Amino acid sequence: MAEKVIHFKIKRQDRPDSEPYWEEFRMPYAPQHNVVSALLYLREHPINARGQRVPPVVWESNCMEEVCGACSMLVNGVPRQACAALIDELEQPIVLEPLSKFPVIRDLQVDRQKMFDALAKVRAWVPIDGSWDIHRHAPLISPVEQSVRYVFSRCMTCGCCMEACPQYHEGSRFIGPAPLGQVAMHNAHPTGKFFKADRLRAIMGPGGITDCGNAQNCAKVCPKDIPLTEAIGELGRQTTAQWLRDLLSR
């Protein structure tokens, strides 16, 4: 009986400016592997399917708990977290590719900086440095509102929604669904809403919310099931109201 193995087909790239190529690996099967733990084995045993010793595959990971978002990649063509991709649930050969919407650094590691830049553009934070006594000591958010907004706080900035979005690509100025979801969350925050107008104006121009084609792929692939399409719909109403306010204030 042939030994049971785990078969990988990995898209590799040695440098940001070099051509990608495919390389296959086979490793002994063991139960309860996920993609990251299998890659850790290949890092210690970097022998490809042809028996050649090669440079270890490069990828990113951190928490191993689907919280940090670092290990995002295409697994059998689907953008997802490698730490949550269980080998026993995947069809082989398991095809691993870097996210295609971000520049490749090396192998499966990509540079997601433009997503972080978009978060800075929309002021995706609550501006309270140090203590800020607003003289209201009762809860500012009802439990119902808190449960709704908590869902958006789970965003890992992993990039899966950006990968699945047809409007987000190299030739587009669209900032993507992840920053829009954070705009909706921070605009609803009791303190964050003080900068609501600034956030809305940031997404009202080129590359903003009007560039969304409502494909709804973002919500389908989000590892945290964040209702991004609902957020974008709400932002559509908010930006319309803000446009009218700006128009009447001139």
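**A friendly note on this predicted model**

1. Let's begin with the overall picture. The chain has 8 helices and 7 strands. Please keep in mind as you read that this is a predicted model. Along its principal axes, the C-alpha trace spans about 75 × 40 × 30 Å. Of the 250 residues in the chain, 41% are buried. The accessible surface comes to about 13,800 Å², and carbon and sulfur atoms account for 51% of that surface.

2. A word on how the chain folds back on itself. Take the contacts between residues at least 6 apart in sequence: 61% of them join residues at least 24 apart.

3. Next, the strands around β1. Strand β1 covers residues 5–12 and pairs with strand β2, residues 21–28, in the antiparallel sense over 8 bridges. Within this pairing, Lys-11 stands opposite Trp-22 of β2. β1 also pairs with strand β5 (residues 94–97), here in the parallel sense and over 3 bridges. Lys-9 has Val-95 as its bridge partner in β5.

4. Now to the largest nonpolar core, which has 33 residues. Phe-102, Val-122, Met-162, Leu-180, Ile-203 and Leu-235 touch the most other members. Helices α2 (113–121), α4, α5, α6 (196–202) and α8 (228–248) each supply at least two residues of this core, and the largest share, 5 residues, comes from α5. Another core lies apart from this one; it has 24 residues, among them Cys-71, Met-73, Ile-87 and Leu-90.

5. How many aromatic pairs does the structure hold? There is 1. Phe-102 and Tyr-168 form this pair, which is tilted, with 6.0 Å from centre to centre and 50° between the planes. The pair links distant parts of the chain, 66 residues apart: Phe-102 is in the loop between β5 and β6 (104–106), and Tyr-168 is in the loop between α4 (160–164) and α5 (177–187).

6. Finally, some backbone details to check by eye. Most residues other than glycine have a negative phi, and most peptide bonds are trans. Against that background, the peptide bond from Gln-92 to Pro-93 is cis, with omega near 0°. Pro-93 has its place in the loop between β4 (78–81) and β5. Asn-214 has a positive phi, near 60°, and lies in the loop between α6 and α7 (217–221). Asp-225 also has a positive phi, near 55°, and lies in the loop between α7 and α8. Is Asp-225 buried or exposed? Its relative accessible area is 61%, so Asp-225 counts as exposed, the cut-off being over 50%.

How values were computed:
Residues numbered from 1 in each chain as written. Predicted model: local features only at pLDDT ≥ 70, side-chain atom pairs only at ≥ 80, totals over all residues. Heavy atoms only, no water. Pairing = 2+ DSSP bridges. Helix = DSSP H or I, 4+ residues; strand = E, 2+ residues; numbered from the N terminus. Phe/Tyr/Trp six-rings, centres within 6.5 Å; stacked < 30°, edge-to-face > 60°. Buried < 20%, exposed > 50% of the residue type's maximum accessible area, 1.4 Å probe, protein only. Contact = heavy atoms within 4.5 Å. Areas by Shrake-Rupley, 256 points an atom, 1.4 Å probe, with all protein chains shown as cover. Core = buried A, V, L, I, M, F, W, Y, C linked by side-chain atoms within 4.5 Å.
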